[in-house]
Amino acid sequence: MRMPVPDAHIISRRREIATALRRILPPESVIADEDERRVYESDGLTAYRQIPLIVVLPRTTAEVSAVLRYCDAEGVKIVPRGAGTSLSGGALPLADAITLGMGKLNRVLEVDYANRCAVVQPGVTNLGITRAVEAEGFYYAPDPSSQIACTIGGNVAENSGGVHCLKYGLTTNNVLGVELVLMNGDVIRLGGKQLDSEGYDLLGVVTGSEGLLGVITEVTVRILPRPANLKAMMLGFPSSEAAGNCVARVIGAGIIPAGMEMMDQLAIQAAEAFVKVGYPLDVAALLIVELDGPMVEIDHLMERLTEIAAASGATSCRISASEEERLGFWAGRKAAFPAVGRISPDYYCMDGTIPRRTLPLVLRKMTELSLHYGLRVANVFHAGDGNLHPLILYDANQPGELDKAEAFGSDILRLCVEVGGVLTGEHGVGVEKRDLMGTMFNDIDLDHQMRVKCAFDPQHLLNPGKVFPELRRCAELGRMHIHHGALPFPDLPRF
Amino acid sequence: MAAVTLIQPETPQQLCDAVAEAVAERVPMEIVGHGTKRGFGHPVQAAHTLVLNRLSGVTLYEPDELVLTAAAGTPLAEIEALLAANGQHLAFEPADLAPLLGGEGLLGGGPTIGGVVACNLAGPRRIQSGAARDHVLGFTAVSGRAEVFKSGGRVVKNVTGYDLSKLMTGSFGTLAVLAEVTVKVLPRPEKTRTVLIFGLDCAAAVDALTRALATPHEVSGAAFLPAPIAARAPVGRVAGGGRSVTALRVEGPGPSVLFRASALAADIGPGVEVDELHSHNSAALWRWLADVGPFAADPFSADRQSVVWRLSIPPSLVPALLRGLAVDDARYFLDWAGGLVWLALPPEAELDGGAARVRRVLAGLGAGYATLVRAPDALRGAVPVFQPQEPALAALTRRIKDSFDPAGVLNPGRLYPGT
């Protein structure tokens with residue numbers, strides 16, 4: 001992975017910049033010592049490491065604004081960071097950039113039950129929002145598997161998903177407003193407690209912008225009443241095709257479950273060996289389908305699901321009889337990543353999305369690639385929305401295996417795009433998939449995205465080296481080539 | 001002023017050529033689908049009108065993938081009929097503003113999918129399923145640089161690059177001309193019931209709506225009609241009571257709907273009279289509310305229509321808002337559990353259509369947006385239709401406009417001066 005060449009001049013100014021920052025912030029909020037900076041050297045994509053220039057831990061919006069204004073004037077780059085759980089290197093530091101840690105902005109500012117929303121600082125964890133509202137019977141719906149640790153600021157930056165977004169949407173569908181500090185220090189508010197906010201939907205653009213457009217300093221999220229009941233069903237299938245077919249039939253029957261997850265044989269075996277919750281080991285694919293709502297609805301739909309499963313060739317079917325059993329069904333799925341970690345020294349987690357119906361084809365081709373590269377792959381799959389997480393098993397201590405795993409991963413993502421899908425469903429582009437952007441977008445598409453970037457951050461100081469394979473100068477992107485002529489397109493129908 | 005030329009591209013390439021020509025000649029264009037919402041936003045001063053009616057047709061529909069792609073000029077009715085035939089629908093329940101804004105628009109044929117997306121419309125199900133913005137998965141468009149570009153895809157879960165679908169949705173054709181959009185579609189609910197609660201005053205109704213949405217009964221419509229508005233409803237049970245009506249909709253599988261409707265009535269209704277609407281009447285009521293039926297056929301004056309405002313606010317502020325505005329019961333109704341307020345102000349009372357007063361009261365409440373949805377061209381040319389932005393946000397908005405449409409040829413001034 002090639003990162004932008006660090007600016008040696010900026011690096012040589014480390015001490016001076018730290019001194020200037022200590023005039024803006026309390027001295028203890030500015031970390032310049034190498035040992036302390038090293039703590040921040042990577043995020044969840046641990047294959048890449050870089051010690052940041054300086055780490056700054058602001059406590060208020062005003063401090064964030066002051067730091068950004070200083071950096072904008074001095075041409076110093078900024079890498080925003082929440083809890084550092086990104087799986088795509090979104091918070092990977094740069095040698096010539098300040099890592100802006102948002103962890104100290106960690107308060108729930110307001111819970112407004114009448115308007116069904118909560119106003120929180122970006123460093124509050126995803127689960128922390130639910131914890132703050134659950135006593136009144138509410139919760140925050142998006143549930144990425146890192147929800148104990150990951151922060152809402154990072155969730156907004158990455159547009160995080162989770163197991164339940166099939167029914168309840170992604171982060172972008174659950175965020176009502178943000179306070180955002182622009183690179184020039186301006187503080188703007190996008191959205192608010194109301195549902196519709198006029199003007200360009202910059203809230204929607206900022207959500208999932210991977211820290212390249214601004215620094216989020218406050219988030220207003222929608223909270224929902226907790227469903228009355230939850231029940232899960234565990235279905236075993238003799239083939240992934242049969243399981244995929246079952247998913248299509250469920251959706252075709254007009255049923256949108258709260259969650260619908262698939263695991264392949266290797267993932268099932270790894271999970272069962274790890275958590276021992278009674279997953280069937282004689283099946284090629286496992287589906288976990290969760291329903292929520294009034295019991296009368298759950299029972300009604302469970303009956304229909306049982307029929308669909310049988311018609312799709314399910315060889316085993318269990319419905320959770322207790323909350324404990326339901327959580328057991330999920331325990332293996334939620335522990336799938338660490339479970340795979342136990343059967344392999346290292347694994348590389350991918351995140352493509354595909355049209356559901358192409359699943360059998362994609363799995364078949366993935367098996368071929370697995371043979372080609374000589375690396376095993378386990379699959380967990382948000383089957384309801386087509387989001388695939390192949391886990392490539394490798395050993396980083398074997399020379400060349402990391403490169404092979406990365407090449408395998410790139411081939412899988414290209415395959416996802418080929419069948420009509422996308423490079424990343426919920427983990428983000430970051431540095432990891434940056435150089436694959438060209439498989440989905442041509443230069444004109446990317447230039448239009450980059451113009452949004454230029455409107456927010458014309459000097460490319462925010463999180464450079466992420467998302468875009470190549471940063472083009474904003475002045476160059478702004479030029480327009482105008483053709484002159486009396487009536488350039490005489491064939492246009494006009495009346 | 002010279003006669004306006006209609007430009008009607010038949011292919012995306014011709015669409016691109018049309019924008020290229022406008023850029024080359026620096027001649028602004030008004031962009032329309034069928035023109036049903038031309039009266040929404042500031043009037044656009046343009047010598048040419050770019051009409052997308054010939055870029056029409058569904059190009060991809062895979063019911064079991066819950067996805068549909070259509071050319072921007074495809075009539076919404078055609079899409080809704082196709083979906084209905086497959087037991088599906090657009091869950092955001094897009095409104096048809098044609099009756100409110102005056103007739104069938106430029107060309108007839110009702111709203112187009114491009115127009116729905118460009119205006120980010122949503123109906124009563126907004127509280128549960130979101131607006132157009134939450135359902136657009138991808139698009140192809142021609143920007144004001146006369147370049148065809150695309151963003152998003154055809155799958156729901158996608159974080160590859162910036163979500164420009166959100167930027168296009170609700171941009172009123174000021175950044176790019178949509179050529180094709182891909183939307184998420186969903187199963188049509190099997191059954192619908194609407195619980196009616198009679199005789200609440202506004203504050204009690206907002207309280208009832210709030211409590212209903214705090215239950216786990218998955219309410220998909222929550223409206224309040226003061227007595228004079230209810231009296232005009234196209235459903236006898238709503239119109240006939242001579243009292244205000246608070247309406248709560250539940251949808252889903254049959255047994256679930258029956259259970260939730262009665263549970264809601266019990267939870268919200270003790271001490272008040274409750275009734276239920278079944279499928280047909282329920283559909284008629286919510287369609288009427290989505291399309292702003294209460295103010296479409298203007299009851300106040302045949303020749304001088306009321307000025308219609310749309311306010312999106314936190315529901316708890318509704319009672320204070322209405323007190324501040326001193327609005328008569330015949331001149332407002334609430335949707336989105338109180339989060340959407342429709343106001344019809346008398347045209348003769350204030351020269352500015354109430355703009356200064358509405359914005360002052362809203363500013364006093366410290367939240368929300370007010371949009372002047374229906375007013376004569378002259379008035380919409382004279383007062384801000386959309387809420388004026390803070391300087392930093394206005395500057396950012398302008399930078400985005402300038403980067404997508406540097407020559408200012410696409411619907412200039414439709415949103416804000418110069419934008």
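Tutor: In this predicted model, chain B contains an open sheet of three strands, whose order is β1-β3-β2 and whose pairing is parallel. Its edges are formed by β1 (5–7) and β2 (29–32) of chain B, each of which pairs on one side only. From one strand to the next, the twist averages 25°.

The pairing of β2(B) with β3 (residues 48–51) of chain B can be followed in detail. These strands run in the parallel sense and are joined over four bridges. Within this part of chain B, E30(B) stands opposite T49(B), the latter belonging to β3(B).

The helix pair is also in chain B. Helix α7 (residues 202–213) of chain B and helix α10 (residues 254–268) of chain B have axes that come within 10 Å and cross at roughly 130°. Because of that angle, α7(B) is classed as oblique to α10(B). As to handedness, the crossing of α7(B) and α10(B) is right-handed.

The residues that meet can be named on both sides. Sorted by class, the contact of α7(B) with α10(B) comprises four nonpolar and two charged residues, with no polar ones. In general terms, the description of two packed helices rests on the angle between their axes and the distance between the axes.

How values were computed. Residues are numbered from 1 along each chain as its sequence is written. Chains are lettered from A and ligands numbered from 1 in the order in which they are written. This is a predicted model: local features need pLDDT of at least 70, side-chain atom pairs count only at pLDDT 80 or more; totals for chains, interfaces and linings use all residues. Side-chain values use heavy atoms; hydrogens and water are left out. Axes are lines fitted to C-alpha atoms, for helices over the stretch in contact, and angles run from 0 to 180 degrees between N-to-C directions. Helices (H or I, at least four residues) and strands (E, at least two) are DSSP runs, numbered from the N terminus. Angles under 35 degrees count as roughly parallel, over 145 as roughly antiparallel, 65 to 115 as roughly perpendicular and the rest as oblique. A crossing is left-handed if the near helix is turned anticlockwise from the far one by less than a right angle, and right-handed if clockwise. Ala, Val, Leu, Ile, Met, Phe, Trp, Tyr, Cys and Pro count as nonpolar, Asp, Glu, Lys and Arg as charged, and the others, Gly among them, as polar. Two strands pair if DSSP finds at least two bridges between them.
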